[in-house]
Amino acid sequence: MSTRAEAFDRWIRTTFVEMNTELEEIYFAQADRACVEGVGDSIKAELRDEGRAYVVDLWHEGNTGEGFESGFGVLGNVGLYMGALRRHELTNPDRDQRSPFAEASSLAMHVGASIGMAPRFATAHLATHNLAVAGVRKSFTSLADEFLFIDENTRGILGFQQTADALERIVPIGVSSPVADVLFEAAKAGLHDVIRSNDRLFSKLDIDRFFYSVRPYYKPYHVGRQVYRGANAGDFSGINEIDLLLGLCRASDTYYAGLLVDKMLFMLPSDQARLRECMTHRSLLDELLSLLDKHAYADWFQQNARLFLEVCDLFAKTAKQHHDQLVSRFIVGPAGELDAAHLEGLTASGPPLPVLVRSLEVLRDYRMAAERVDLDTRHADLKRLRAAVT
Ligand code: HEM
């Protein structure tokens with residue numbers, strides 16, 4: 001990392017966090033916690049100007065050829081800075097035609113294009129690639145609820161990644177291999193971890209703190225002329241690898257393919273490659289169904305089909321938790337109490353909340369293989385497989 005990049009990183013980990021936290025405490029103490037404009041203006045100006053000095057230095061320095069890690073770090077830091085400016089209403093895509101932060105936009109676009117990612121901070125910056133320095137990971141604020149959110153999101157992602165890794169390893173040995181059992185067990189263990197992590201979020205995260213002081217940093221914002229959607233905990237390939245390998249979602253489905261295209265540049269290049277690779281495989285469900293008529297009574301079929309179904313059941317549980325517990329408790333519930341003026345820009349991807357919720361429901365139902373007449377889920381196929389397992 002260059003000296004300038006290091007200096008910016010130090011600021012992001014210290015003063016930036018202090019200023020955001022101070023602003024959050026001021027907003028939260030108000031009768032109307034959603035009121036941000038015209039509040040704490042001197043701190044906001046300091047945050048904007050101090051950050052700009054680091055950004056301008058880095059922008060002048062140009063591409064120092066320090067490699068992916070350094071570029072990724074700078075992209076994350078300029079992204080956290082721009083995300084905070086958006087949160088504090090120093091810019092708002094509903095009002096502005098373009099970002100008022102020209103140097104930060106240029107720096108983000110330069111680095112983003114050079115490493116092959118969207119020019120904004122991504123989930124990986126705060127989760128799987130959030131380097132802790134003496135135990136302290138990057139964050140916007142030092143609020144306990146933000147750390148809880150970041151840490152449990154990361155644990156959830158790590159669990160899904162373990163499951164995806166295990167399922168990938170079944171592909172080269174085939175779903176009829178007797179040794180697929182250890183891989184199915186590893187896949188199950190990853191999902192058990194996700195379930196525990198979701199449970200902790202559900203029971204420990206403070207609804208108001210999350211809604212008013214954490215979530216607003218994940219709104220869409222302008223980089224140059226274009227608005228980039230916010231990051232969400234789903235911006236990693238593992239969840240889609242699981243969808244595709246289990247066969248619950250199909251890359252040929254228009255809705256699902258659109259979702260994959262949308263998230264490509266929000267993921268690390270290594271995740272982008274994994275997802276592309278995964279799209280070339282036949283799903284485990286299709287493999288098992290093609291073997292069912294001839295081999296249903298074979299020991300290997302009974303063992304592996306049972307384990308496969310257990311993985312599907314656990315995965316369904318995580319999908320249900322995400323939608324019916326997390327989205328419902330921490331987004332839909334509190335949004336019901338907001339007035340219309342504050343409802344704009346509520347979601348990370350931008351669409352109005354009811355539209356977003358319906359689209360998340362579709363994902364939940366694919367993953368649960370729910371019985372839906374309007375959706376081509378794998379309900380009937382899973383039923384047929386279940387019937388074959390004695
Ligand atoms: C307080 C906890 C959480 C809340 C309120 C929440 C809410 C949301 C919302 C609202 C979206 C849609 C983003 C948008 O377009 O605006 C989303 C997407 C997503 N979230 Fe979460 N989330 C939470 C935690 C998690 C965790 C722990 C995971 C697991 C890693 C996760 C996985 C995903 C995934 C995979 C997506 C992308 C859509 C999909 O493929 O299902 N979320 N979440």
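User: How many positive and negative side chains does the protein have, and how far apart do the centres of the two sets lie?

Analyst: In this predicted model, the protein carries 43 positive and 55 negative side chains, and the centres of the two sets lie 2 Å apart.

User: What makes the protein as compact as a globular protein of its length?

Analyst: The protein, which contains 17 helices and two strands, has a radius of gyration of 22 Å, and because this is close to the 21 Å that the globule rule gives for 390 residues, the protein is as compact as a globular protein of that length. Its C-alpha atoms fill a box of roughly 75 × 50 × 40 Å along the principal axes.

User: Why is Leu 284 called buried?

Analyst: Buried means a relative accessible area under 20%, and Leu 284 has a relative accessibility of 3%, so Leu 284 counts as buried. Across the protein, buried residues make up 54% of the 390 residues.

User: Where is Leu 284 found, and which residues does it touch, not counting those up to four places away in sequence?

Analyst: Leu 284 is found in helix H13, which covers residues 284-295. Leaving aside residues up to four places away in sequence, Leu 284 touches Leu 167, Ile 170, Val 175, Phe 184, Leu 245 and Phe 308, where a contact requires heavy atoms within 4.5 Å. The C-alpha atoms of Leu 284 and Asp 271, which are 13 residues apart along the chain, are separated by 21 Å.

User: What percentage of contacts in the protein between residues at least 6 apart in sequence join residues at least 24 apart?

Analyst: Among those contacts, 78% join residues at least 24 apart.

How values were computed
Residues are numbered from 1 along each chain as its sequence is written. This is a predicted model: local features need pLDDT of at least 70, side-chain atom pairs count only at pLDDT 80 or more; totals for chains, interfaces and linings use all residues. Side-chain values use heavy atoms; hydrogens and water are left out. The radius of gyration is taken over C-alpha atoms; the globule rule is 2.2 Å times the number of residues to the power 0.38. Buried means under 20% relative accessible area, exposed over 50%, partly exposed in between (1.4 Å probe, protein chains only). Lys and Arg count as positive and Asp and Glu as negative; His and the chain ends are not counted. The place of a charge is taken as NZ of Lys, CZ of Arg, CG of Asp or CD of Glu.
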